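Reader: Before I rely on any label in this model, I would like to see each one set against its cut-off. Please take the terms one by one.

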Amino acid sequence: MSGITHEWNGTILTITSDSGTSSADLQGAKGETGIRGPQGAPGTSASVDLSNYYTMEETEAAINDAIGAIEIPEAEVDLSNYYTKEETNTAINDAIGAIEFPEGTTDLSDYYTKTETNAEITKAIEAIEFPETDLSNYYSKDNPPTAAEVGALPNTTVIPSKAADIGAVPTSRKINNKALTSDITLTAADVGARAIDWLPTAEELGITGGSGGVTITKLWENASPTSEFAAQTIALNITQYSLFLIDVATSSDNEKYVYVTGKGSYELSRLFYANSKCYAQKRAAVISNTGFQFDTAYQDSGAHSTIMKPLIIYGIKGVA
Amino acid sequence: MYALNIAEDNRILSATFPEYASKEAVIVEALPEGNIADYLYIDNEYVYSPLPEPEQPEQATVEARVAELEQALTLLLEGATE
(Lines give C-alpha, C1' and ligand atoms only; values in the text may rest on other atoms or scores of the structure.)
Protein backbone atom coordinates (compact mmCIF):
# COMPACT_ATOMS: atom_id res chain seq x y z
CA MET A 1 0.00 0.00 0.00
CA SER A 2 1.26 3.46 -0.78
CA GLY A 3 -0.13 6.81 0.15
CA ILE A 4 -1.34 8.55 3.22
CA THR A 5 -4.93 9.36 4.18
CA HIS A 6 -6.20 11.43 6.95
CA GLU A 7 -9.47 11.98 8.69
CA TRP A 8 -10.50 15.02 10.70
CA ASN A 9 -13.55 15.01 12.80
CA GLY A 10 -13.15 18.51 14.09
CA THR A 11 -11.27 17.41 17.15
CA ILE A 12 -9.12 14.49 16.39
CA LEU A 13 -6.86 14.22 13.36
CA THR A 14 -6.37 10.62 12.27
CA ILE A 15 -3.59 9.78 9.79
CA THR A 16 -3.35 6.42 8.19
CA SER A 17 -0.23 5.27 6.33
CA ASP A 18 1.48 2.12 5.55
CA SER A 19 2.95 2.15 8.83
CA GLY A 20 -0.19 2.34 10.60
CA THR A 21 -2.74 4.78 11.95
CA SER A 22 -2.07 7.47 14.40
CA SER A 23 -4.30 10.11 15.79
CA ALA A 24 -3.98 13.16 17.89
CA ASP A 25 -6.52 15.25 19.76
CA LEU A 26 -5.88 18.65 18.46
CA GLN A 27 -8.41 20.38 20.64
CA GLY A 28 -6.89 21.79 23.72
CA ALA A 29 -8.43 22.84 26.91
CA LYS A 30 -11.22 25.49 26.57
CA GLY A 31 -9.73 28.89 26.70
CA GLU A 32 -11.28 32.01 28.22
CA THR A 33 -14.11 33.73 26.42
CA GLY A 34 -12.72 36.17 23.94
CA ILE A 35 -13.67 39.76 23.53
CA ARG A 36 -16.95 40.22 21.67
CA GLY A 37 -16.31 41.52 18.21
CA PRO A 38 -18.13 44.43 16.58
CA GLN A 39 -21.67 43.93 15.23
CA GLY A 40 -21.64 42.91 11.62
CA ALA A 41 -23.44 44.69 8.81
CA PRO A 42 -27.17 43.69 8.26
CA GLY A 43 -27.52 40.81 5.91
CA THR A 44 -29.58 40.75 2.75
CA SER A 45 -33.21 39.57 2.98
CA ALA A 46 -33.87 36.13 1.66
CA SER A 47 -36.78 35.52 -0.74
CA VAL A 48 -39.09 32.62 0.28
CA ASP A 49 -41.07 30.75 -2.30
CA LEU A 50 -44.58 30.01 -0.85
CA SER A 51 -46.19 28.92 -4.06
CA ASN A 52 -46.53 25.42 -2.77
CA TYR A 53 -48.32 26.49 0.44
CA TYR A 54 -52.03 27.20 1.18
CA THR A 55 -53.03 30.49 2.64
CA MET A 56 -55.25 30.31 5.73
CA GLU A 57 -58.35 31.03 3.63
CA GLU A 58 -57.46 28.32 1.16
CA THR A 59 -56.80 25.92 4.03
CA GLU A 60 -60.26 26.52 5.61
CA ALA A 61 -61.95 26.11 2.19
CA ALA A 62 -60.15 22.89 1.67
CA ILE A 63 -61.21 21.60 5.12
CA ASN A 64 -64.84 22.47 4.50
CA ASP A 65 -64.79 20.77 1.16
CA ALA A 66 -63.35 17.72 2.79
CA ILE A 67 -66.05 17.67 5.52
CA GLY A 68 -68.77 18.12 2.92
CA ALA A 69 -67.42 15.25 0.99
CA ILE A 70 -67.83 12.87 3.91
CA GLU A 71 -70.69 10.46 3.29
CA ILE A 72 -72.47 8.79 6.19
CA PRO A 73 -73.63 5.35 5.43
CA GLU A 74 -77.38 5.76 6.24
CA ALA A 75 -78.33 2.27 5.59
CA GLU A 76 -76.15 1.10 8.35
CA VAL A 77 -78.19 3.01 11.12
CA ASP A 78 -81.20 0.99 12.24
CA LEU A 79 -83.87 3.40 13.61
CA SER A 80 -86.69 0.95 13.51
CA ASN A 81 -86.85 0.89 17.30
CA TYR A 82 -87.06 4.69 17.65
CA TYR A 83 -90.07 7.05 17.42
CA THR A 84 -89.91 10.03 15.21
CA LYS A 85 -90.86 13.36 16.85
CA GLU A 86 -94.35 13.13 15.40
CA GLU A 87 -94.80 9.61 16.65
CA THR A 88 -93.55 10.63 20.10
CA ASN A 89 -96.06 13.52 20.42
CA THR A 90 -98.90 11.28 19.26
CA ALA A 91 -97.99 8.70 21.87
CA ILE A 92 -97.90 11.30 24.65
CA ASN A 93 -101.30 12.71 23.71
CA ASP A 94 -102.78 9.22 23.54
CA ALA A 95 -101.43 8.46 27.03
CA ILE A 96 -102.87 11.67 28.50
CA GLY A 97 -106.23 10.99 26.91
CA ALA A 98 -106.23 7.54 28.38
CA ILE A 99 -105.93 8.75 31.99
CA GLU A 100 -109.14 8.01 33.94
CA PHE A 101 -110.00 9.73 37.26
CA PRO A 102 -111.79 7.57 39.78
CA GLU A 103 -115.02 9.65 39.98
CA GLY A 104 -116.93 7.23 42.05
CA THR A 105 -114.42 7.21 44.90
CA THR A 106 -115.00 10.88 46.07
CA ASP A 107 -118.04 11.11 48.33
CA LEU A 108 -119.36 14.70 48.31
CA SER A 109 -122.68 13.86 49.86
CA ASP A 110 -121.72 15.75 53.05
CA TYR A 111 -120.84 18.93 51.16
CA TYR A 112 -123.07 21.77 49.97
CA THR A 113 -122.95 22.96 46.44
CA LYS A 114 -122.56 26.70 45.95
CA THR A 115 -126.29 27.08 45.37
CA GLU A 116 -127.10 25.12 48.52
CA THR A 117 -124.60 27.15 50.55
CA ASN A 118 -126.09 30.47 49.45
CA ALA A 119 -129.59 29.23 50.23
CA GLU A 120 -128.55 28.17 53.73
CA ILE A 121 -126.92 31.57 54.41
CA THR A 122 -130.07 33.36 53.28
CA LYS A 123 -132.20 31.19 55.57
CA ALA A 124 -129.87 31.84 58.52
CA ILE A 125 -129.99 35.60 58.04
CA GLU A 126 -133.76 35.53 57.83
CA ALA A 127 -133.91 33.51 61.00
CA ILE A 128 -132.02 36.11 63.08
CA GLU A 129 -134.34 37.67 65.63
CA PHE A 130 -133.52 41.06 67.14
CA PRO A 131 -134.68 41.60 70.72
CA GLU A 132 -137.43 44.13 70.87
CA THR A 133 -136.40 47.43 72.48
CA ASP A 134 -138.80 49.05 74.85
CA LEU A 135 -139.18 52.58 73.51
CA SER A 136 -142.27 53.40 75.49
CA ASN A 137 -140.30 55.95 77.50
CA TYR A 138 -139.07 57.73 74.40
CA TYR A 139 -140.73 60.25 72.18
CA SER A 140 -141.16 59.53 68.52
CA LYS A 141 -142.55 61.26 65.47
CA ASP A 142 -145.89 59.66 66.19
CA ASN A 143 -145.65 60.34 69.91
CA PRO A 144 -144.21 63.85 70.34
CA PRO A 145 -144.01 65.53 73.77
CA THR A 146 -146.85 67.77 74.81
CA ALA A 147 -146.37 71.44 75.59
CA ALA A 148 -146.84 70.74 79.29
CA GLU A 149 -144.17 68.03 79.21
CA VAL A 150 -141.56 70.47 77.90
CA GLY A 151 -142.72 73.29 80.14
CA ALA A 152 -144.20 75.28 77.28
CA LEU A 153 -147.52 77.04 77.13
CA PRO A 154 -150.18 75.30 75.06
CA ASN A 155 -150.76 76.78 71.63
CA THR A 156 -154.21 77.88 72.77
CA THR A 157 -152.67 80.31 75.25
CA VAL A 158 -153.41 83.93 74.52
CA ILE A 159 -150.25 85.99 74.91
CA PRO A 160 -150.98 89.36 76.47
CA SER A 161 -150.10 92.20 74.16
CA LYS A 162 -150.31 95.15 76.52
CA ALA A 163 -148.03 96.13 79.37
CA ALA A 164 -151.05 96.52 81.58
CA ASP A 165 -151.98 92.89 80.93
CA ILE A 166 -148.94 91.76 82.86
CA GLY A 167 -148.75 94.64 85.29
CA ALA A 168 -145.81 96.28 83.49
CA VAL A 169 -145.20 100.00 83.30
CA PRO A 170 -146.18 101.45 79.90
CA THR A 171 -143.54 103.25 77.86
CA SER A 172 -145.62 106.40 78.15
CA ARG A 173 -144.84 106.51 81.87
CA LYS A 174 -142.52 109.35 82.81
CA ILE A 175 -139.86 109.66 85.47
CA ASN A 176 -138.94 113.18 86.38
CA ASN A 177 -140.97 114.24 83.35
CA LYS A 178 -138.86 112.07 81.04
CA ALA A 179 -140.70 109.39 79.06
CA LEU A 180 -139.32 105.84 79.16
CA THR A 181 -139.42 105.44 75.39
CA SER A 182 -135.63 105.68 75.20
CA ASP A 183 -132.50 105.97 77.37
CA ILE A 184 -132.71 108.68 80.01
CA THR A 185 -129.91 111.06 80.87
CA LEU A 186 -130.40 112.79 84.17
CA THR A 187 -128.68 116.08 84.82
CA ALA A 188 -127.83 117.55 88.17
CA ALA A 189 -130.65 120.06 87.67
CA ASP A 190 -133.14 117.23 87.09
CA VAL A 191 -132.68 116.03 90.63
CA GLY A 192 -131.97 119.40 92.21
CA ALA A 193 -128.23 118.70 92.60
CA ARG A 194 -125.32 121.05 92.09
CA ALA A 195 -123.42 121.01 88.82
CA ILE A 196 -120.26 118.90 88.87
CA ASP A 197 -118.06 121.98 88.51
CA TRP A 198 -119.86 123.87 91.28
CA LEU A 199 -117.85 125.11 94.24
CA PRO A 200 -119.52 126.62 97.27
CA THR A 201 -118.88 130.15 98.33
CA ALA A 202 -117.53 130.98 101.76
CA GLU A 203 -120.96 132.16 102.77
CA GLU A 204 -122.55 128.99 101.55
CA LEU A 205 -120.00 127.00 103.47
CA GLY A 206 -120.54 129.03 106.65
CA ILE A 207 -116.81 129.27 107.17
CA THR A 208 -115.97 131.31 110.21
CA GLY A 209 -112.78 132.98 111.27
CA GLY A 210 -112.04 134.69 108.00
CA SER A 211 -113.39 137.55 106.03
CA GLY A 212 -111.07 137.41 103.05
CA GLY A 213 -112.57 134.34 101.46
CA VAL A 214 -111.24 130.78 101.51
CA THR A 215 -108.18 128.90 100.43
CA ILE A 216 -108.29 125.46 98.95
CA THR A 217 -105.23 123.29 99.42
CA LYS A 218 -104.54 119.90 98.00
CA LEU A 219 -104.03 117.56 100.95
CA TRP A 220 -103.63 114.21 99.25
CA GLU A 221 -103.49 112.65 95.79
CA ASN A 222 -103.84 109.05 94.77
CA ALA A 223 -100.63 108.17 92.91
CA SER A 224 -102.10 104.98 91.47
CA PRO A 225 -105.67 105.91 90.53
CA THR A 226 -106.32 102.73 88.50
CA SER A 227 -105.47 100.44 91.40
CA GLU A 228 -108.03 98.99 93.77
CA PHE A 229 -108.74 101.00 96.89
CA ALA A 230 -109.49 98.91 99.97
CA ALA A 231 -110.62 100.14 103.37
CA GLN A 232 -107.85 102.24 104.91
CA THR A 233 -106.90 105.26 106.93
CA ILE A 234 -104.99 108.14 105.37
CA ALA A 235 -103.19 109.83 108.23
CA LEU A 236 -103.04 113.61 107.82
CA ASN A 237 -103.06 116.55 110.17
CA ILE A 238 -106.11 118.44 108.96
CA THR A 239 -106.93 120.34 112.12
CA GLN A 240 -106.89 123.71 110.35
CA TYR A 241 -109.39 122.71 107.65
CA SER A 242 -113.14 122.97 108.03
CA LEU A 243 -114.40 121.43 104.80
CA PHE A 244 -113.10 118.98 102.29
CA LEU A 245 -113.58 118.41 98.60
CA ILE A 246 -113.12 114.75 97.78
CA ASP A 247 -112.70 113.96 94.12
CA VAL A 248 -113.87 110.36 93.65
CA ALA A 249 -113.62 107.95 90.72
CA THR A 250 -116.92 106.12 90.70
CA SER A 251 -115.81 103.08 88.74
CA SER A 252 -113.00 101.54 86.79
CA ASP A 253 -113.59 103.99 83.94
CA ASN A 254 -112.74 106.77 86.40
CA GLU A 255 -115.94 108.76 86.01
CA LYS A 256 -115.52 111.47 88.62
CA TYR A 257 -117.76 112.81 91.31
CA VAL A 258 -116.86 115.56 93.79
CA TYR A 259 -118.14 115.39 97.33
CA VAL A 260 -118.03 118.26 99.80
CA THR A 261 -117.97 117.22 103.42
CA GLY A 262 -117.04 118.49 106.80
CA LYS A 263 -115.54 116.56 109.69
CA GLY A 264 -117.55 113.66 111.01
CA SER A 265 -119.12 110.55 109.49
CA TYR A 266 -120.19 110.73 105.89
CA GLU A 267 -121.14 108.43 103.08
CA LEU A 268 -119.83 109.01 99.62
CA SER A 269 -122.65 107.57 97.52
CA ARG A 270 -124.45 107.78 94.26
CA LEU A 271 -127.28 106.13 92.34
CA PHE A 272 -127.11 105.42 88.66
CA TYR A 273 -129.31 103.80 86.05
CA ALA A 274 -127.88 101.36 83.52
CA ASN A 275 -129.13 98.35 81.58
CA SER A 276 -132.71 98.89 82.72
CA LYS A 277 -131.64 98.73 86.33
CA CYS A 278 -130.84 101.16 89.11
CA TYR A 279 -127.60 100.67 91.04
CA ALA A 280 -126.32 102.15 94.31
CA GLN A 281 -122.66 102.73 95.14
CA LYS A 282 -121.35 103.93 98.47
CA ARG A 283 -118.23 104.19 100.62
CA ALA A 284 -118.48 105.36 104.21
CA ALA A 285 -115.86 107.80 105.54
CA VAL A 286 -114.97 109.26 108.90
CA ILE A 287 -113.05 112.55 108.78
CA SER A 288 -111.26 113.75 111.87
CA ASN A 289 -108.34 116.02 112.71
CA THR A 290 -105.96 113.07 112.22
CA GLY A 291 -107.04 112.20 108.73
CA PHE A 292 -109.51 110.22 106.63
CA GLN A 293 -110.78 106.78 107.45
CA PHE A 294 -112.38 105.16 104.40
CA ASP A 295 -114.50 102.03 104.71
CA THR A 296 -114.96 99.30 102.10
CA ALA A 297 -116.95 100.37 99.04
CA TYR A 298 -120.15 98.58 98.07
CA GLN A 299 -122.23 98.34 94.95
CA ASP A 300 -125.70 97.28 96.05
CA SER A 301 -124.85 94.70 98.69
CA GLY A 302 -121.52 93.46 97.34
CA ALA A 303 -118.09 94.70 98.41
CA HIS A 304 -116.32 96.35 95.51
CA SER A 305 -112.78 97.71 95.77
CA THR A 306 -112.68 99.27 92.30
CA ILE A 307 -115.45 101.85 92.86
CA MET A 308 -115.73 105.11 94.79
CA LYS A 309 -111.96 105.50 94.88
CA PRO A 310 -110.64 108.81 96.30
CA LEU A 311 -108.41 110.51 93.75
CA ILE A 312 -107.69 113.92 95.26
CA ILE A 313 -108.64 115.49 98.58
CA TYR A 314 -108.68 119.24 99.01
CA GLY A 315 -108.91 121.08 102.31
CA ILE A 316 -110.84 124.34 102.60
CA LYS A 317 -110.25 126.96 105.24
CA GLY A 318 -111.18 130.57 105.73
CA VAL A 319 -108.73 133.39 105.25
CA ALA A 320 -108.53 136.11 107.82
CA MET B 1 -90.87 109.10 94.47
CA TYR B 2 -93.97 107.73 96.10
CA ALA B 3 -95.29 107.27 99.61
CA LEU B 4 -96.97 103.95 100.43
CA ASN B 5 -99.87 103.40 102.77
CA ILE B 6 -99.29 99.86 104.03
CA ALA B 7 -101.63 97.65 106.06
CA GLU B 8 -100.52 95.62 109.09
CA ASP B 9 -100.23 92.51 106.91
CA ASN B 10 -97.82 94.44 104.63
CA ARG B 11 -100.38 94.78 101.83
CA ILE B 12 -100.18 98.04 99.92
CA LEU B 13 -103.41 99.97 100.43
CA SER B 14 -102.66 103.06 98.37
CA ALA B 15 -99.91 105.36 97.24
CA THR B 16 -99.53 109.11 97.22
CA PHE B 17 -96.73 111.55 96.63
CA PRO B 18 -94.24 112.34 99.37
CA GLU B 19 -95.43 115.90 99.84
CA TYR B 20 -98.82 114.61 100.99
CA ALA B 21 -97.54 111.78 103.15
CA SER B 22 -97.05 111.60 106.89
CA LYS B 23 -93.56 111.33 108.35
CA GLU B 24 -94.07 107.64 109.03
CA ALA B 25 -94.91 106.80 105.41
CA VAL B 26 -92.67 104.46 103.46
CA ILE B 27 -91.01 106.30 100.57
CA VAL B 28 -90.14 104.33 97.44
CA GLU B 29 -88.58 105.15 94.09
CA ALA B 30 -91.20 103.39 91.95
CA LEU B 31 -94.51 101.60 92.20
CA PRO B 32 -95.11 98.05 91.03
CA GLU B 33 -96.82 97.72 87.69
CA GLY B 34 -100.58 97.22 87.52
CA ASN B 35 -102.78 97.05 90.58
CA ILE B 36 -100.63 97.99 93.55
CA ALA B 37 -103.14 96.34 95.89
CA ASP B 38 -101.94 92.98 94.51
CA TYR B 39 -98.56 93.47 96.20
CA LEU B 40 -97.09 93.20 99.66
CA TYR B 41 -94.16 95.37 100.66
CA ILE B 42 -91.73 93.30 102.73
CA ASP B 43 -88.11 94.17 103.53
CA ASN B 44 -88.03 96.96 100.98
CA GLU B 45 -89.24 94.66 98.21
CA TYR B 46 -92.54 94.14 96.42
CA VAL B 47 -94.02 90.67 96.73
CA TYR B 48 -96.78 89.81 94.26
CA SER B 49 -99.65 88.30 96.22
CA PRO B 50 -103.07 89.09 94.74
CA LEU B 51 -106.15 88.58 96.84
CA PRO B 52 -108.66 85.97 95.65
CA GLU B 53 -111.44 87.33 93.48
CA PRO B 54 -114.66 87.89 95.46
CA GLU B 55 -117.49 85.64 94.40
CA GLN B 56 -119.83 87.43 92.03
CA PRO B 57 -123.56 86.70 92.05
CA GLU B 58 -124.51 84.52 89.11
CA GLN B 59 -125.96 86.35 86.14
CA ALA B 60 -129.47 85.32 85.25
CA THR B 61 -129.42 83.13 82.16
CA VAL B 62 -131.80 83.58 79.28
CA GLU B 63 -133.49 80.33 80.23
CA ALA B 64 -134.00 81.56 83.79
CA ARG B 65 -135.46 84.83 82.51
CA VAL B 66 -137.83 82.97 80.18
CA ALA B 67 -138.92 80.69 83.04
CA GLU B 68 -139.48 83.77 85.18
CA LEU B 69 -141.64 85.39 82.53
CA GLU B 70 -143.56 82.18 81.94
CA GLN B 71 -144.30 81.92 85.62
CA ALA B 72 -145.47 85.50 85.67
CA LEU B 73 -147.70 84.83 82.67
CA THR B 74 -149.13 81.75 84.31
CA LEU B 75 -149.94 83.68 87.45
CA LEU B 76 -151.46 86.43 85.35
CA LEU B 77 -153.60 84.02 83.40
CA GLU B 78 -154.71 82.26 86.54
CA GLY B 79 -155.68 85.57 87.99
CA ALA B 80 -157.52 86.52 84.84
CA THR B 81 -159.60 83.35 84.88
CA GLU B 82 -160.60 83.63 88.52
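Author: A salt bridge is here a side-chain nitrogen of Lys or Arg within 4 Å of a carboxyl oxygen of Asp or Glu, and across the interface of chain B and chain A that rule finds 0 of them. This is a predicted model, in which local features need pLDDT of at least 70 and side-chain atom pairs count only at pLDDT 80 or more, while totals for chains, interfaces and linings use all residues. Residues are numbered from 1 along each chain as its sequence is written, chains are lettered from A and ligands numbered from 1 in the order in which they are written, and side-chain values use heavy atoms, with hydrogens and water left out.

Reader: How many residues of chain B and of chain A are in contact, and what makes a contact?

Author: Contact means heavy atoms within 4.5 Å, and by that rule 19 residues of chain B touch 24 residues of chain A. The area that the two chains bury between them, about 1700 Å² with 57% of it on carbon and sulfur atoms, is the accessible area (1.4 Å probe) lost on being put together, summed over both parts. On the side of chain B, L13(B), Y20(B) and L73(B) lose the most area to chain A, together 30% of what that side buries.

Reader: Why is M308(A) called buried?

Author: Buried means under 20% relative accessible area, exposed over 50%, and partly exposed in between (1.4 Å probe, protein chains only); M308(A) has 0% relative accessibility, and therefore counts as buried. Its phi, near 50°, is a positive value in a residue other than glycine.

Reader: Is D43(B) buried or exposed, and how do you know?

Author: The relative accessible area of D43(B) is 70%, which is over the 50% limit, so D43(B) is exposed. D43(B) also has a positive phi of about 50° although it is not a glycine, and the residue is found in the loop between β4 (39-42) and β5 (45-48) of chain B, where strands (E, at least two residues) are DSSP runs numbered from the N terminus, as are helices (H or I, at least four).

Reader: What makes A195(A) partly exposed?

Author: A195(A) has 41% relative accessibility, a value between the 20% and 50% limits, and so the residue counts as partly exposed. A195(A) and V258(A) are 63 residues apart in sequence and 9.9 Å apart in space, C-alpha to C-alpha.
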